[in-house]
Amino acid sequence: MLPKSTPSRVFLFLQGPHGPFFFRLGQMLAASGAQVWRVGFNAGDRAFWSASASYIPYRGTLENWPQVFAELAKEKGITDLVLYGDVRPIHAEAIRHAKSAGITVHVFEEGYLRPYWITYERDGSNGNSRLMQLSVPDMAKALRAADLDTHLPPARWGDMRHHVFYGALYHGVVLAFNFGYGQLRPHRGISVRREFALYLRRLLLMPLHALHRRLATWRIQRGGFPYHLALLQLEHDSAFQAHSRFETMQDFITLVIDTFSRSAPAHHHLVFKAHPLEDGRTPLRQNIRQAAKARGISSRVHFVRGGKLARLLDECRSAVTVNSTAAQQALWRGIPLKSFGSAVYNKSKIVSSQPLAQFFAAPKAPDAGVYRNFRRFLLRTSQLPGGFYAATSRHQALRHVVDLMLQVEDPYEKVLKSPPPEPQQALRLAHSSPARLSNLK
């Protein structure tokens, strides 16, 4: 993948998801006639970028990065910036300059509708997404011209074990071969050695954790009690750190248990569901036990490690979270949801506006029609079928995203500017068959 001589577009990649996704994406952009460069900040970035001619190592400090980025953007004639997540310091600084310089910013994130989609947006994601300024009525209006068919997910991607494997490999490479890259501090608050150890431990303990998860889920399903579900997140995740009021996940846990103990019916239970990638850096299980014991409700509080949500969601009365994307699985099932952080789904008539005490006592369900319009808008715009990690899901995502990146308009603008349907088309949409509508589930 050598840089082209006179490209119309010049893409600069910063840090991406662990694994080969960004390199494969760069190859496809280069094949389209664009020029592609990659800035690497450690040996892990270098390991997953197989073209030395287009690789630029950055060995400086965070303080010097804004000036270096500005000079690099000017020298290379950068027209497009590509990155994964928009709040880590090196990315936030680059985005700030890119916007002032008229450089198009392409942001990738895990899917807002997981686990079968990834998110592609321009300028920002999560709390910085354009979705935060769009109302659902505006979305519904724009969808009048859109066909109801959407990309269907497969039955299984298998991305989770690949995600953990690439994470362990990435941090192992950094730990062993990061000579000359030591000046830039990691954007997460622990050392690379500790990060590698946690990924490796998670990888080795996956079978044991799966057994614990199945037993805990079985006990809850066999318990015969009504229960509410608390969706936990990774404490170091950017959505939690940058777009919520909580400093730690323990703050959220304490609030939920305290309020539940005072407000929920005495025969109801509370289930905490950990994030699938939770690696033990935060002692969630112990923290939950201590908080429940302090409130005298130990027998009514349960903890489930990672895994899929479906079996727990099937019977739960409500769900509460900070701003987890997993909340959308609850919304799709019509389960009442209370959220405490900035999230793209935090819209009127979707997320409950009740105080938490009132919510636990008598939760109000989301408006099904409003949520369907919101979900349809996501699937028509920023949600792409596929994943970053497993080969099958990676190939699926790459089939769709390159053409979107080469378009002048971002995915939201393209749909929002769509003309209203002709009368005959509107009639066809109004009479769409139930079979086609079921494809949205």
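This is a predicted model: local features need pLDDT of at least 70, side-chain atom pairs count only at pLDDT 80 or more; totals for chains, interfaces and linings use all residues.
Colleague: What percentage of the residues is buried?

Modeller: Buried residues make up 53% of the 441 residues.

Colleague: And the contacts? What share comes from residues 24 or more positions apart?

Modeller: Take the contacts in the protein with a separation of 6 or more. Residues 24 or more positions apart account for 71% of them.

Colleague: Let's do sheets. What is the strand order in the open sheet of 7 strands?

Modeller: The order is β3-β2-β1-β4-β5-β6-β12, and the pairing is mixed. At the edges are β3 (55-57) and β12 (383-385), and each pairs on one side only. From one strand to the next, the twist averages 25 degrees.

Colleague: Zoom in on β4 and β5. In which sense do they pair?

Modeller: Parallel, over 5 bridges. β4 covers residues 80-84 and β5 covers residues 104-110. Asp 80 stands opposite Thr 104 in β5.

Colleague: Which strands does helix α3 lie across?

Modeller: Helix α3 (residues 65-76) lies across β1 (10-13), β2 (35-40), β3 and β4. Helix α3 runs at about 165 degrees to β2.

Colleague: At what angle do α3 and α4 pack?

Modeller: About 45 degrees, with their axes 10 Å apart. Helix α4 is residues 89-100. The two helices are therefore oblique to each other. Their crossing is right-handed.

Colleague: Which residues make that contact?

Modeller: On α3, they are Trp 65, Pro 66, Phe 69, Ala 70 and Ala 73. On α4, they are Ile 90, Glu 93, Ala 94, His 97 and Ala 98. By class, that gives 8 nonpolar, 1 polar and 1 charged residues.

Colleague: New topic. What is the order in the open sheet of 5 strands?

Modeller: β9-β8-β7-β10-β11, with parallel pairing. β9 (301-304) and β11 (337-339) stand at the edges.

Colleague: Why is one side of each left without a neighbour in the sheet?

Modeller: Because β9 and β11 each have a single partner strand. On average, neighbouring strands of this sheet are turned by 20 degrees against each other, direction ignored.

Colleague: How many bridges join β7 to β10?

Modeller: 4 bridges. β7 (residues 227-231) and β10 (residues 318-321) run parallel. In β10, Ser 318 is the bridge partner of His 228.

Colleague: Which strands of this sheet does α9 touch?

Modeller: α9 packs on the sheet and touches β7, β8 (269-273) and β10. The direction of α9 makes about 165 degrees with that of β8.

Colleague: And which strands does α10 touch?

Modeller: α10 packs on the sheet too, touching β8 and β9. The direction of α10 makes about 175 degrees with that of β9.

Colleague: At what angle do the axes of α9 and α10 cross?

Modeller: Roughly 30 degrees, and the axes come within 10 Å. That makes α9 roughly parallel to α10. α9 passes α10 in a right-handed crossing. α9 is residues 249-263 and α10 is residues 284-294.

Colleague: Which residues make the contact there?

Modeller: From α9, Met 249, Gln 250, Ile 253 and Ile 257. From α10, Leu 284, Asn 287, Ile 288, Ala 291 and Ala 292. By class, the contact has 7 nonpolar, 2 polar and no charged residues.

Colleague: One more helix pair, α1 and α15. At what angle do their axes cross?

Modeller: Helix α1 (residues 21-31) and helix α15 (residues 391-406) cross at roughly 50 degrees. Their axes come within 10 Å. α1 and α15 are therefore oblique to each other. The crossing is right-handed.

Colleague: Which residues are involved in the contact?

Modeller: α1 gives Phe 21, Arg 24, Leu 25, Met 28 and Leu 29. Those from α15 include Arg 394, Ala 397, Leu 398 and Val 401. By class, the contact has 10 nonpolar, no polar and 2 charged residues.

Colleague: Last one. Where is Asn 126 found?

Modeller: In the loop between β6 (117-122) and α5 (136-142).

Colleague: Is Asn 126 buried or exposed?

Modeller: Asn 126 is buried. Its relative accessible area is 13%, and buried means under 20%.

Colleague: What is Asn 126 in contact with, leaving aside its neighbours within four places in sequence?

Modeller: Glu 109, Tyr 112, Glu 121, Met 132, Ser 238, Ala 239, His 243 and Val 344.

How values were computed:
Residues are numbered from 1 along each chain as its sequence is written. Side-chain values use heavy atoms; hydrogens and water are left out. Two strands pair if DSSP finds at least two bridges between them. Axes are lines fitted to C-alpha atoms, for helices over the stretch in contact, and angles run from 0 to 180 degrees between N-to-C directions. Contact means heavy atoms within 4.5 Å. Angles under 35 degrees count as roughly parallel, over 145 as roughly antiparallel, 65 to 115 as roughly perpendicular and the rest as oblique. A crossing is left-handed if the near helix is turned anticlockwise from the far one by less than a right angle, and right-handed if clockwise. Ala, Val, Leu, Ile, Met, Phe, Trp, Tyr, Cys and Pro count as nonpolar, Asp, Glu, Lys and Arg as charged, and the others, Gly among them, as polar. Buried means under 20% relative accessible area, exposed over 50%, partly exposed in between (1.4 Å probe, protein chains only).
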